[in-house]
Amino acid sequence: MGKLASIVVCTYNGERYLKEQLESLIVQSYRPLEIIISDDGSSDSTNQIIEEFRNAYPDLFRVLDNRKHQGLNHNFMNAFKYADGEYIFPCDQDDVWKEDKVEKLVSEIGDHDMIYTDSILVSETHEEMQKKRSDIVNMVAESELIYFIFCNCVAGHSLMFKRSLLDVMYPYDSHIPNDWWITWAAISMNGIMYLDWGSVYYRQHDSNISDPLRKKSGRKRRDSIKKNQARIKWLSLLRDSNFISSKDKDMVENIRVLYEKRLNNMFFDMAMFRFHYKNKEKLYFSLKKSPAKIFRNIVKESLGLKHKVFMKKVF
């Protein structure tokens, strides 16, 4: 018998699609298996659906009792602590897994700390859209942190990580997406692996948190100052993490300093430009963008923000 695998499902008002997802989990070909569900204060029939499955499969399901709403990232990172398995799988409430997903990822991970796969995009009614995530973003197979500093091609629903990462992933700040944090940790330890195979039917609907098809084009563009400040915070958290190597720590701190200086720079920042241009093949690898668009992004990142900070204070 193999080592225990833990599927960690986080739910929140997920009655529309949850049953189909749970049905795809109970037929997984891999055993031994446990399914942990952590609901985040749902007000619809989500908890009734969960109870139905727990009563039908008491040896398979464990349900965590949350007293208050935590938010998606914190809910996942808290729920991982209750997993007993050697292999831990984050699981969204609205997708559908292939029945050999767990078995295949466990057999392929080898000495790596994390493995992730491609995803098959489907409609609300589970009709295949003839598109995969790899048609939208380039998947990175390299275990170098710089590939993932600003862009993350790893979707939480497609990854599995080893239990050993739990020893280094905390403390955790929910400002950073949980799948990004797991990826950073795995890269810094024994590395990651990409499996070119669609393990999940990734459902597209109006309530998706991520938007791979850019259907929500009406969203306002993020304020450049807030975006810059968020990057400084993310880089600070990564720099101070328990898992980062001394070499990567120096790199992250140097990048953080560039973004700190950007707030006080009125004009074009050549140091920022040189950093982005020199490392563009890695920094922007996962983006399916033309060289011209990447260059435009580099120039945009190199523009000082002092004038915008001043305008905000005045007006």
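This is a predicted model: local features need pLDDT of at least 70, side-chain atom pairs count only at pLDDT 80 or more; totals for chains, interfaces and linings use all residues.
Does E20, by its relative accessibility, count as buried, partly exposed or exposed, and what is the percentage? E20 counts as partly exposed, at 32% relative accessibility.

1. A salt bridge joins the side chains of E20 and R203, with an N to O distance of 2.7 Å. E20 belongs to helix 1 (residues 18-26) and R203 to strand 9 (residues 192-203), so this pair ties together parts that lie 183 residues apart in sequence. R203 has a relative accessibility of 1% and counts as buried, because the cut-off for that class is under 20%.

2. K233 is partly exposed, with a relative accessible area of 33%. D173 also counts as partly exposed, at 21% relative accessibility.

3. **The pair R239 and E253.** R239 and E253 form a salt bridge whose closest N and O atoms are 2.8 Å apart. Here R239 of helix 6 is linked with E253 of helix 7 (residues 246-262), and the two are 14 residues apart. The relative accessible area of R239 is 19%, and R239 is therefore buried, given that buried means under 20%. E253, at 23% relative accessibility, counts as partly exposed.

4. **A network around this pair.** Salt bridges with shared partners bring R239, D240, E253, R256 and E260 together in one network.

5. **The overall count.** The number of salt bridges comes to 14.

6. **A patch of positive charge.** On the surface, K289, K293, R296 and K300 gather in a patch of positive charge. One of these residues, K293, lies in helix 10 (residues 291-301). K293 has a relative accessible area of 46% and is partly exposed. That value meets the requirement for patch members, because a patch is made of residues with over 30% relative accessible area and no salt bridge.

Conventions: Residues are numbered from 1 along each chain as its sequence is written. Side-chain values use heavy atoms; hydrogens and water are left out. Patches are made of residues with over 30% relative accessible area and no salt bridge: like charges are joined within 9 Å, nonpolar side chains (Val, Leu, Ile, Met, Phe, Trp, Tyr) within 5 Å. Accessible areas come from the Shrake-Rupley method with a 1.4 Å probe; for residues, only the protein chains shown count as cover. A salt bridge is a side-chain nitrogen of Lys or Arg within 4 Å of a carboxyl oxygen of Asp or Glu. Lys and Arg count as positive and Asp and Glu as negative; His and the chain ends are not counted. The place of a charge is taken as NZ of Lys, CZ of Arg, CG of Asp or CD of Glu. Helices (H or I, at least four residues) and strands (E, at least two) are DSSP runs, numbered from the N terminus. Buried means under 20% relative accessible area, exposed over 50%, partly exposed in between (1.4 Å probe, protein chains only).
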